[in-house]
Amino acid sequence: MIRAGRQHLVRTLADIAAQQGMALQTLLNSGQHQAAGFPAPLNAGRTRLYDGEQVDAHLAGLPVPELPTTDDDEDLLDRQEAAALRGEPLSVWDRRKKEPAVSEHLVRVGGVEHWPRRIVRDYTPAPRRRTTGSGGGGRPIGAGDQVPRDQLPARVAQLLDADPALTAADVTDRLGVHRNTAQAALTALRAQRMADVMEQHTATAAQAAATLGYPASQTRRAGVRAEAVLRGRQVRPYLGAVAQALHARGWTTADTPPAVQHPEDDLCVAVFVLDAPAAPAPALVWSERHGWRTATSRRHPLGKGAAWPEPGDGVRHLATGTTPDPADVVNALDPTA
C-alpha cells in the first residue's frame with residue numbers, strides 16, 4: 001500500500017531505470033530490483049511500485065529508511081489490498097469498485113488503481129436485486145459466466161494479466177468453472193509464462209515467478225511444471241531429428257514426418273507411431289529418464305510414478321542413454337540391421 005502523504009514519492013521500475021539512465025529492459029535483465037537489500041515493492045501487482053525515498057537511499061548506498069507502519073484513513077490500497085481489507089474475493093471488489101460511491105475516489109498511481117482506506121473500509125454496497133424464474137430461484141446479478149473449455153485459456157490469461165496474484169477461487173468466481181478446472185488452467189498458464197522468462201533470462205523458477213509478480217505461495221506447482229516445460233522445449237529439436245530419421249527410413253504412417261506427442265509433464269514422453277516391419281505397427285516411446293522403447297499401443301503404461309515396463313509383449317528397449325544419435329535409434333529399431 002501507499003502510506004498517507006507518500007503518493008508523490010512513488011516510482012515504477014521504469015522510473016527507477018530512467019533515474020539511472022538505462023532502459024527498463026536493461027534494469028530487468030540486470031536483476032537489480034531483485035537483489036538483496038533493494039527496497040521491497042509497495043504492492044504485489046503486475047506493475048510494481050516502490051517508495052522513492054527508499055530507492056534513493058539504496059542507490060546512494062545509505063541505509064534504507066523504514067516506512068510508516070500505522071494505518072491511516074488516507075492510505076491508498078490497490079485492488080488486492082482492498083479485497084483483503086474487506087475479506088472479499090478479488091472478483092467481488094472488481095464489481096464493487098465500479099459503484100459511483102467507490103469509483104469517484106479512484107486514484108491512479110503509476111498506472112495502478114488505488115482507493116483510500118476509509119472508502120474501502122466504510123463502503124456499504126446497496127442490496128442487489130435477484131431475478132426469479134419459474135423455479136423460484138433466479139441467478140444472482142453479477143454471477144460468473146460459464147466459459148466454454150476451448151475459450152478458458154484466453155479468458156484466464158486476461159485475468160492473470162490484470163492480476164498476477166490471481167487464485168483459482170477468483171477464476172471460479174469470475175468465469176463460473178469448476179475449481180479444479182480453474183486451478184489446472186491457472187497452473188498451466190503460469191508455467192508457460194515462467195518457462196518463457198526462464199528461457200530468455202536463464203532464470204530459476206522462483207526468479208521467474210518474482211519477475212512476473214506471482215506470489216511464491218501460489219507458484220510451487222507451477223514452478224515444477226515450468227521446469228518440465230523448459231526441458232520439453234530443449235529436447236524437441238532432438239525428438240524432431242529422430243522423427244525425420246524414421247520418416248527417411250520409410251517407417252512412418254503418414255507422408256510427412258510424425259508429429260511429436262509431447263505432453264510436457266515431468267516425464268517428458270514423446271510417442272511416434274510407426275509402420276515398422278513387425279506387426280502390429282508399434283509406437284516408439286521416449287522418456288527423459290529411461291530413453292527409448294517400443295510399445296504395441298499408443299496408450300503406453302507410462303503414467304506418473306509407473307514402472308518402466310520390462311521387455312516382452314511388443315516392448316523392446318532400444319539404444320542406451322536418453323539421447324542417442326537418431327541414426328542409432330533407427331538402427332536399434334530395425335530387426336534386420
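Which residue forms a salt bridge with R95? The partner is D173, and the closest N and O atoms are 3.8 Å apart. This pair links distant parts of the chain: R95 sits in helix α5 (residues 90-96) and D173 in helix α9 (residues 168-175), 78 residues apart. R95 counts as partly exposed because its relative accessibility is 26%. D173 is also partly exposed, at 29%.

The model is predicted. It contains 13 helices and 8 strands. Of the 337 residues, 42% are buried. Among contacts with a separation of 6 or more, 55% join residues 24 or more positions apart. The protein exposes about 17,800 Å², and carbon and sulfur atoms supply 51% of that area.

Now the sheet. Three strands form an open sheet in the order β3-β5-β4, with antiparallel pairing. Its edge strands are β3 (76-77) and β4 (107-109), and each pairs on one side only. Between β4 and β5 (residues 112-116) there are 3 bridges. V107 has H114 in β5 as its bridge partner.

Back to the charges. Side chains of opposite charge can pair when their charged atoms come close. The whole structure holds 22 salt bridges. R193 pairs with D161, the closest N and O atoms being 2.9 Å apart. E199 forms a salt bridge with R233, with the closest N and O atoms 2.9 Å apart. Here helix α10 is linked to helix α12 (residues 220-249), across 34 residues. Salt bridges with shared partners also join R79, D94, K97, R108, E113, D163 and R174 into one network.

Note on methods: Residues are numbered from 1 along each chain as its sequence is written. This is a predicted model: local features need pLDDT of at least 70, side-chain atom pairs count only at pLDDT 80 or more; totals for chains, interfaces and linings use all residues. Side-chain values use heavy atoms; hydrogens and water are left out. Helices (H or I, at least four residues) and strands (E, at least two) are DSSP runs, numbered from the N terminus. Buried means under 20% relative accessible area, exposed over 50%, partly exposed in between (1.4 Å probe, protein chains only). Contact means heavy atoms within 4.5 Å. Accessible areas come from the Shrake-Rupley method with a 1.4 Å probe; for residues, only the protein chains shown count as cover. Two strands pair if DSSP finds at least two bridges between them. A salt bridge is a side-chain nitrogen of Lys or Arg within 4 Å of a carboxyl oxygen of Asp or Glu.
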